[in-house]
Amino acid sequence: MNSRALTYGCALGGLLVLVLAAFAVGRYPVSLAEIFHLLQAKVLGRTEGLPANLETVIWQVRGPRVLAALLVGASLAAAGSAYQGMFRNPLVSPDILGVSTGAALGAVLGIFLSKGILLIQLFSFAGGLAAVGLVYGVGSRLRGHDPLLALVLTGVVIGTLLGSCIALLKYLADPYNQLPAITFWLLGSLAAIAPRDLAIAAPLALAGLAPMLLMRWRMNLLALPDDEARALGVDTTKLRLVVVAAATLMTASAVAIGGIIGWVGLLVPHAARLLVGPDFGRLLPLAMLLGAGFLLAVDTLCRTLAAIEVPPGVLTALIGTPFFLWLFALSRRPW
Amino acid sequence: MLEVRALSFGFPGRTIGRDVSFSLAAGESMCVLGPNGGGKTTLFRTILGLLPVKSGEVRLNERPLYLLDRADIARAAGYVPQGHSAYFAFTLLEFVLMGRSARVGAFSSPGRADRAVAERALESLGIAALADKPVTEVSGGERQLALVARALAQEPKLLVMDEPTASLDFGNQVRVLERILALAATGIAILFSSHDPDHAFLGAQRALLLGEGRVLELGAPKAVVRSDTLRRLYGVPVEVIEIQDDRRVCLPSLRR
């Protein structure tokens, strides 16, 4: 019991340190004293006399970006935790039902049609929801199969189809303006986050998180074979629909503002499960803390490592692959 | 407790069994015998509402199955499936607590009373010492006992056990049969299947012989588990021998 509290404590403490570090480092370094000064001044309402640069950097540039990294990381990790339990497979990521591919197609379509940023985000969000809706609608009508297998296979097939549509749009896109924008979006980025993006994405993510939190104990029963869970009194069809809707809402809102950032939703729940076990009520908060911290660390590296921004999707893969193999070799127990 | 009337069961587009009728009173235990593919598991799944009734009727607690929702059924009937493949390392206690889900609100978690029920269930099967072990790390026999404990945590009036002894060693088979008799003595109705016809003599007041989805025989084990009925059921020569008063055993006679 105590070691569990220690785990949460360490995760929370580490996250706070990361947040401070993320505010401090960058092209315009800021000392901790300056950060506290600014916070103090903001709280007391006395902002005159502070360097204008400082306020811009902390409040308007780094602030939204840090918050976005926390939000996207936590959302992807939460959705991944829910899906790994529901699909009874620790190698499942939140994209398994095609949400990222659908969101990517929406965004690419928006870029292809030269729409503004808000519309591109809206297209992306709608694309993610529509893709999962299509997969769920088709998959749950394939009777006579294991319902989960039907969902996964439908997801793979429809995901491939949407992938070809993305490829077609890339082929048709203007190679000087649109194609770089498309490629940039597909690799994910938190560089252009505006406070408005957060104001839209955060409530959507919270709307997805609420049912997961409320049903955190019942979610465990989805890890049982379907017949067993039903015999224990759970309407698995209904519960699965709730989980799919909640996880899709969280992932789609994260992808809409940050693009496709892989590995977080796969790796983080897995690591969290090794630390506190599979019980969803314990897993969810830790996975969210770790996911937020992981993506914040990655994004901070992305903007400080080199003179140009490194896409976070590239960095998560570079860190994720060896880390995952190491976890896999380390864990003797099966998940 | 359980009433099955002229039941046809099976999968969409495929009927497995027809015209099955029997009833089971509180405190009674019944053993279903039959060859592989004879329809035992399909019958059990239909009784539990996991497969739709094709025709006929199933009544649980005097109420027709179609009027009950999943939680109603789970409060009335516990299910011990044929082996469980564990995916995640839930502890045995967490695993058994899942048996409480029909008695816990959709948005809540099991409370202290539920924990006590789960602990008692573990205790009664002699696996309380394993409460904190991951279900993925215990032996197949211990996992089977955990499945029974989980079904007991449902506090059911009917226990449906699909080959509860299948993966158990000799000692654990005997323990589970003893447990079945003890549970029946507390007033729970028990429906279980087995591949060992001796189990009908050991653990049941009645036996149902199910071949190709039809009831071949139904009655007291001594009356229906006979050489000729077993031969018809399994297609191999079997002797049923009385070794002392009230004790019978089934012995296959091997053809050479």
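**View 1. The residue that follows helix 6 of chain B.** In this predicted model, helix 6 of chain B is followed by G187(B), whose phi is positive, near 105°; helices (H or I, at least four residues) and strands (E, at least two) are DSSP runs, numbered from the N terminus. The model is predicted, and local features need pLDDT of at least 70, side-chain atom pairs count only at pLDDT 80 or more, while totals for chains, interfaces and linings use all residues. Residues are numbered from 1 along each chain as its sequence is written, and chains are lettered from A and ligands numbered from 1 in the order in which they are written.

**View 2. Buried and exposed residues of helix 6 of chain B.** Among the buried residues of this helix are V176(B), L177(B), I180(B) and L183(B), where buried means that 20 or more other C-beta atoms, placed from the backbone, lie within 10 Å of the residue's own, and exposed means 12 or fewer. The face of helix 6 turned away from its buried side carries exposed residues, including F170(B), E178(B) and A185(B).

View 3. Six strands of chain B form an open sheet of mixed pairing in the order 6-7-8-3-9-10, two strands being paired if DSSP finds at least two bridges between them. The edge strands, each pairing on one side only, are strand 6 (77-80) and strand 10 (214-219) of chain B. Strand 3 (residues 29-33) and strand 8 (residues 189-194) of chain B run parallel and are joined by five bridges, and the bridge partner of S29(B) in strand 8 is I190(B).
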